[in-house]
Amino acid sequence: KYGVTTSQLLLNWLIRVPQVVVIPKAGNREHLRDNAAASDFQLELEDWQTISDLYQPRIEQIPTHLIE
């Protein structure tokens, strides 16, 4: 449907979830390009909702004084 990998699809969703910080691994240049391409498309609302219903990221609030 979108012409992207599953990883790109889920990364696209994750980077648009409020309060979630995403740090994707990029072991080589190709992987880095794949990660960057994850923001090159817009999920349709129905697909966004389907993923949101299936997966709720664990959100932890860390007091800023504890972050070094």
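Is Trp-13 buried or exposed, judged by its relative accessible area? In this predicted model, Trp-13 is buried, with a relative accessible area of 3%, and the residue belongs to the largest nonpolar core, which is made up of five residues.

- The largest nonpolar core brings together Trp-13, Val-17, Phe-41, Leu-43 and Ile-51.
- In general, nonpolar side chains in soluble globular proteins tend to be buried together.
- Ile-51, a member of this core, touches Leu-9, Leu-10, Trp-13 and Leu-43 when residues up to four places away in sequence are not counted.

**Aromatic rings around Trp-13**

- Across the whole structure, a search finds three aromatic pairs, and one of them is formed by Trp-13 and Trp-48, whose tilted arrangement has a distance of 5.8 Å centre to centre and 50° between the planes.
- Because Trp-13 lies in helix H1 and Trp-48 in helix H3, this pair ties together parts that are 35 residues apart in sequence.
- Trp-48 is partly exposed, with a relative accessible area of 23%, whereas Trp-13 is buried at 3%.
- Trp-13 also pairs with Tyr-55: the ring centres are 5.7 Å apart and the planes stand at 65°, so this pair is edge-to-face.
- Since Tyr-55 lies in the segment after H3 while Trp-13 lies in helix H1, the pair ties together parts that are 42 residues apart in sequence.
- Tyr-55 counts as partly exposed, at 42% relative accessibility.
- Taken together, ring pairs link Trp-13, Trp-48 and Tyr-55 into a cluster.

**How H1 and H3 pack**

- The axes of H1 and H3 are 11 Å apart, and the two helices pack at an angle of about 85°.
- Angles from 65 to 115 degrees count as roughly perpendicular, and H1 and H3 are therefore roughly perpendicular to each other.
- On the H1 side of this meeting are Leu-9, Leu-10 and Trp-13, and on the H3 side are Trp-48, Ile-51 and Ser-52.

**Asn-12, a buried residue with a polar contact**

- Asn-12 is placed in helix H1, which runs over residues 6–14, and this residue is buried, with a relative accessible area of 0%.
- The side chain of Asn-12 reaches the backbone oxygen of Phe-41 at 2.8 Å, and Phe-41 is itself one of the residues of the largest nonpolar core.
- If neighbours within four places in sequence are left aside, Asn-12 is in contact with Ala-38, Ser-39, Phe-41 and Leu-43.

**Lys-1, an exposed residue before H1**

- Lys-1 sits in the segment before H1 and is exposed, with a relative accessible area of 73%.
- Not counting residues up to four places away in sequence, Lys-1 touches Glu-44 and Asp-47.
- Both of these contacts include a polar contact between side chains, with Lys-1 meeting Glu-44 at 3.2 Å and Asp-47 at 3.0 Å.

Technical notes:
Residues numbered from 1 in each chain as written. Predicted model: local features only at pLDDT ≥ 70, side-chain atom pairs only at ≥ 80, totals over all residues. Heavy atoms only, no water. Helix = DSSP H or I, 4+ residues; strand = E, 2+ residues; numbered from the N terminus. Buried < 20%, exposed > 50% of the residue type's maximum accessible area, 1.4 Å probe, protein only. Polar contact = N/O pair within 3.5 Å; in protein donor to acceptor, adjacent residues only side chain to side chain. Contact = heavy atoms within 4.5 Å. Core = buried A, V, L, I, M, F, W, Y, C linked by side-chain atoms within 4.5 Å. Phe/Tyr/Trp six-rings, centres within 6.5 Å; stacked < 30°, edge-to-face > 60°. Axes fitted to C-alpha atoms, helices over the stretch in contact; angles between N-to-C directions. Parallel < 35°, antiparallel > 145°, perpendicular 65-115°, else oblique.
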